Amino acid sequence: MSETEVFMQQVIYGLSNGMIIALVALGYTMVYGIIELINFAHGDVFTLGGFLALTVVGALGAAAIVDPGTLGDSSHWLLLFGLVIVCGLFCGGMNVAIDRIVYKPLRRAPKLTQLVAAIGVSFILVNLALFWGGAPMEVFGGGNAAAASKDFPELLEGSNLLGEDSNVVLRLEDIAIFVITIPLMIGLTLFVKKTRLGRGMRATAQNPVAAQLMGIDTNRVIAATFMIGGFLGGAASVMWSLYNNTISFQMGFRAGMDAFTAAVLGGIGSLPGAMIGGVLIGLIRAMSDQYIETRWTNVVVFGVLILILVFRPSGLLGLKQKEKV
Amino acid sequence: MGSGRFSLFSRGQLVVLGFLALTPLLDLAIPSLQLSGPMRTVVVFAILALGLNIVVGWTGLLNLGIAAFMAIGAYAFAILTSEIYPFQVGFWWGTLLAGAIGAFAGWLLGAPTLRLRGDYLAIVTLGFGEIVQDGLKNLPAITKGTEGINPLPQPSLAMVEVSGETPARWFYIYLAILAVIVFLCRNLEFSRLGRQWFAVREDELAARCMAIEPDKAKLKAFAAGAALAAVAGALYASHLSSTGEPSNYDFQISILALCIVIVGGIGTITGVLVGAIVMVGLNNVALPILTQTLQRNGIGSTGNVLSSPDNYKYVLFGLALVLMMRFRPDGLIHSRKAVRK
């Protein structure tokens, strides 16, 4: 493999992972834009999305029907889109419920109080995922060893789209990630820019009290924000599980920190910032894996996070007029 | 500042320390419990939480990476005392120097970051915790990686021999160290510096108007908290006779310390001690004993997650945090409106 090919391969990995991170980062940045809360539980909502996806796949027995000759078979794409919607709605709903039960009563409390509560929710969800991993299903290893990582089956055919001879591998999974994440991002941008509820979000982000005085139902806006953020996280969890072929009850901590770093890197509160930040973090991870060492990659990402917070807390897009949501 | 009569400890602190001092007696009554060993961890985490309390409770800064300083203390202690390194300064010097190194590490992290907004600072400390953990794991030439550095020395006094055979003595030495630290904290609380911390916590701008430099006060709090955490780390390493693996000092430990501070009663030394007994007693003493008992009776060995009490840790921590925040929402920052009587 030539140097260029190695580099191209890492770019593909980086972009694919980066798009997933960007989806999760949108959830952080939207909630932060509206109520200035670091929704620490977001990563663990993401985890539960992955567990639901595996449960559905296990229940449908899809693992059994996948074989390399089914490229033309659209049923796997259908299954994938179905999973994205089901897990998205599930995570969105859960996010809304968490907001109602835990965050809403604390809306006027000091920020650190809210953050500690969010960490508490995060721990409760981690425990739920641990119990879920013990579900007596074949895909969960029969319910023994709940804490172990679970294999997530290949839903899409895995051969190289660039031809068998190419050293650079581009698989259907990479394509699927772009097919799913890009429309979601475009849809979100249009929604925020064009719709009435989106306008309400922008107004609430700028000034909640003034927005309320203008007749905007801020509670509804906040609920919608949690719903959309959760939906994107759920969609991301399906793509993540598919791409990495493994899920574990602690995966949300890692993914959540990457995504939060991405949101901060792009300028927290900014939608395009989260998207760009996500892709950048994906690329940084891939390059660090290749050119530094895999075991130092987390250190690199956290180092980036600390450096940005210290030297440029407003992030890359922070100086411009923020499009907070 | 109290009645003006000198006393080593407040009444509450005396009661809690006295209660701790009685636990080895339970071992005499029911030898199969073997409480003295696990109870050392209660002391260790009480010291860790007292350190965190300086930062979170008194100064109002959320530190989510206190376990990193515990790790730094543990590894500093190990390198200073272990046979594989040339220093071998012994338990007491090892613990003291570990504390000093911890303070320096706290200063190093705090100096560039303490100006950050509260929630950003929290995330930076979290990131620092992860970096330290990964760094220890990835530098096996120094830290022995996941093996941990061992064996490490136990505390010794001129007259008293301490070993695994004499758990009660070992526990009492730890308890004495805790008592000294409680005494120091109590004096610090009402010192000039302690009052500066409260002022900064309540209103930074007003504190500045009173000629307090918030950045300096915060940095001192950070360093003091880190020093105590490092001492806790040193005692922990000596307790295990090994640093253990770096993941012993993960985010969960930082959250355990936070739970202790919040559940016990934020900002009060007595509260933190009570919190340590409740949370660590639950986590390191009661749950393992319950698990063993269940297993001995044939329950919980079936591999079902729900039947092992140990698997409820996260939900216990989580609920503790959520419920405290919900029903004492001002606790974290405004806990001591009536500090001075």
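The paragraphs below describe helix packing, a nonpolar core and some backbone details in a predicted model.

Two packed helices are described by the angle between their axes and the distance between the axes. For helix α7 (residues 167–189) of chain B and helix α10 (residues 214–240) of chain B, the axes come within 12 Å and cross at roughly 180°. Because angles over 145 degrees count as roughly antiparallel, α7(B) is described as roughly antiparallel to α10(B). On the α7(B) side, the contact is made by W170(B), Y174(B), I177(B), I181(B) and C185(B). Their counterparts on α10(B) are L228(B), V231(B), L235(B), S238(B) and H239(B). Sorted by class, the residues of this contact between α7(B) and α10(B) comprise eight nonpolar, two polar and no charged.

Helix α10(B) also packs against helix α8 (residues 192–202) of chain B, here at an angle of about 115° and with the axes 10 Å apart. The two helices, α8(B) and α10(B), are therefore roughly perpendicular to each other, and their crossing is left-handed. From α8(B), the residues L193(B), Q196(B), W197(B) and V200(B) take part. They meet P214(B), A217(B), K218(B), K220(B), A221(B) and A224(B) in α10(B). The contact of α8(B) with α10(B) holds seven nonpolar, one polar and two charged residues.

Some of the residues named above return in the description of the core. The largest nonpolar core has 211 residues, and the members that touch the most others are L50(B), L178(B) and I255(B). Helix α2 (residues 36–58) of chain B supplies the largest share of this core, with 15 residues. Leaving aside residues up to four places away in sequence, L50(B) touches L178(B), I181(B), V182(B) and C185(B), as well as L228(B), I269(B), V272(B) and L273(B). Among these partners of L50(B), I181(B) and C185(B) of α7(B) and L228(B) of α10(B) also belong to the contact between those two helices.

Turning to chain A, helix α1 (residues 3–35) and helix α2 (residues 42–60) pack with their axes 10 Å apart, at an angle of about 140°. That angle makes α1(A) oblique to α2(A), and α1(A) passes α2(A) in a right-handed crossing. Here V24(A), G27(A) and Y28(A) of α1(A) make the contact with H42(A), G43(A) and F46(A) of α2(A). The contact of α1(A) with α2(A) is divided into three nonpolar, three polar and no charged residues. Elsewhere in chain A, L78(A) lies in helix α4 (residues 75–103). With 64% relative accessibility, L78(A) counts as exposed. Its C-alpha atom is separated by 37 Å from that of S2(A), a residue 76 places away along the chain.

Most residues other than glycine have a negative phi, and most peptide bonds are trans. In chain B, the peptide bond from N150(B) to P151(B) is cis, with omega near -5°. P151(B) is found in the loop between α6 (140–143) and α7 of chain B. The loop between α6 and α7 of chain B also holds K144(B), which is not a glycine but has a positive phi of about 65°. At 36% relative accessibility, K144(B) counts as partly exposed. In chain A, N245(A) is a residue other than glycine with a positive phi, near 60°. N245(A) is placed in the loop between α9 (218–244) and β2 (246–247) of chain A.

Methods: Residues are numbered from 1 along each chain as its sequence is written. Chains are lettered from A and ligands numbered from 1 in the order in which they are written. This is a predicted model: local features need pLDDT of at least 70, side-chain atom pairs count only at pLDDT 80 or more; totals for chains, interfaces and linings use all residues. Side-chain values use heavy atoms; hydrogens and water are left out. Axes are lines fitted to C-alpha atoms, for helices over the stretch in contact, and angles run from 0 to 180 degrees between N-to-C directions. Helices (H or I, at least four residues) and strands (E, at least two) are DSSP runs, numbered from the N terminus. Angles under 35 degrees count as roughly parallel, over 145 as roughly antiparallel, 65 to 115 as roughly perpendicular and the rest as oblique. A crossing is left-handed if the near helix is turned anticlockwise from the far one by less than a right angle, and right-handed if clockwise. Contact means heavy atoms within 4.5 Å. Ala, Val, Leu, Ile, Met, Phe, Trp, Tyr, Cys and Pro count as nonpolar, Asp, Glu, Lys and Arg as charged, and the others, Gly among them, as polar. A nonpolar core is a set of buried Ala, Val, Leu, Ile, Met, Phe, Trp, Tyr and Cys residues joined through side-chain atoms within 4.5 Å. Buried means under 20% relative accessible area, exposed over 50%, partly exposed in between (1.4 Å probe, protein chains only).
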